[in-house]
Amino acid sequence: MDDVVLEAKVRTETGKQFNKKSRREGLVPAVVYGGKDPALSIITNDILLNRALHTDAGENVLITLKIKDESGKAKKDRTVLIKQIQHHPLTSRILHVDFNQVSLTENIEVEVPIHVKGEAEGVKKEGGRLEHLLWEIKVECLPTNIPERIDVDIEGLKIGDSIQIKDLEIPAGVKVLHEPDVSVVTCLPPVVEKEPEPGEGEPGAEEPEVIGEKKEGEEEEAAPEEGKKEEKPEGKQQDKEKPEKGKE
């Protein structure tokens with residue numbers, strides 16, 4: 001990893017008013033932490049800081065701070081990494097930076113981005129879906145050995161296949177701090193849309209049959225009225241009223 005040089009000055013004044021004034025002048029307040037030296041408040045140029053952050057290393061860029069005091073006298077250089085950056089919520093301008101001082105002879109833990117290369121066979125030929133499960137991996141190494149990124153070739157990935165930590169090509173001198181069977185990317189089957197079942201009021205929906213409902217073509221049989229005797233046929237009633245022969 002290339003070493004970026006950034007000039008800075010010791011900052012003796014603090015507070016919101018001083019920081020606002022510094023930003024208007026194109027300067028960014030910062031603090032250096034870590035190491036055997038005490039924390040140091042500094043100020044650096046906005047343009048040069050952004051330039052340092054836009055290398056291939058991103059926020060894992062190794063920076064050598066060339067620090068001068070208020071009188072312009074050079075102080076001891078400090079090798080640092082970006083610990084935290086505070087941005088303006090609307091303009092994304094850098095408002096404040098925390099640097100972490102490191103030793104070039106001691107291992108440190110950093111997160112390195114995952115970079116996917118190619119197009120999975122399962123996506124290209126089978127209509128599958130690529131799911132990116134891990135975007136960064138945590139590694140341990142010397143500051144000078146921090147990888148810019150970890151490349152993952154997915155060309156041969158078919159549906160149901162996955163690439164795990166143990167499958168990655170890790171540079172020499174770098175130790176991955178994840179379990180080997182953790183998945184980084186996987187290829188899933190295509191999404192099959194299920195056809196909606198016919199609902200109530202929709203074409204094809206069967207209406208429930210109502211029990212006792214008169215069907216077409218059937219005549220309704222009239223029930224006799226309650227309390228009314230059933231009338232007998234007229235002919236039979238007349239025969240009963242005729243007197244028997246020989247009894248007149």
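**Barrel, helices and a buried threonine**

Helix α1 (residues 16-24) lies across strands β2 (27-33), β3 and β6 (94-101), and runs at about 120 degrees to β2. Helices (H or I, at least four residues) and strands (E, at least two) are DSSP runs, numbered from the N terminus. Angles run from 0 to 180 degrees between N-to-C directions, with axes as lines fitted to C-alpha atoms, for helices over the stretch in contact; contact means heavy atoms within 4.5 Å. The model is predicted, with local features requiring pLDDT of at least 70 and side-chain atom pairs pLDDT 80 or more, while totals for chains, interfaces and linings use all residues. Residues are numbered from 1 along each chain as its sequence is written, and side-chain values use heavy atoms, with hydrogens and water left out.

The protein chain contains 4 helices and 13 strands. Among contacts in the protein chain with a separation of 6 or more, 64% are between residues 24 or more positions apart.

Six strands form a closed barrel in the order β1-β3-β2-β6-β5-β4, with mixed pairing; two strands pair if DSSP finds at least two bridges between them. Neighbouring strands of this sheet are turned by 45 degrees against each other on average, direction ignored. Strands of a sheet pair through backbone hydrogen bonds, either parallel or antiparallel. Strand β1 (residues 3-10) is joined to β3 (residues 40-45) by 3 bridges, and the two run antiparallel. Ala8 has Thr44 as its bridge partner in β3, and Val10 has Ile42. Strands β1 and β4 run parallel and are joined by 7 bridges, with Thr64 of β4 as the partner of Val5.

Helix α2 (residues 46-53) lies across β1, β2, β3, β4 (62-68), β5 (78-87) and β6, at about 90 degrees to β3.

Thr44 belongs to strand β3. This residue counts as buried because its relative accessibility is 2%. The side chain of Thr44 reaches the backbone oxygen of Glu7 at 2.7 Å. Not counting residues up to four places away in sequence, Thr44 touches Leu6, Glu7, Ala8, Gly26, Leu27, Val28 and Leu49.

Notes:
Buried < 20%, exposed > 50% of the residue type's maximum accessible area, 1.4 Å probe, protein only. Polar contact = N/O pair within 3.5 Å; in protein donor to acceptor, adjacent residues only side chain to side chain.
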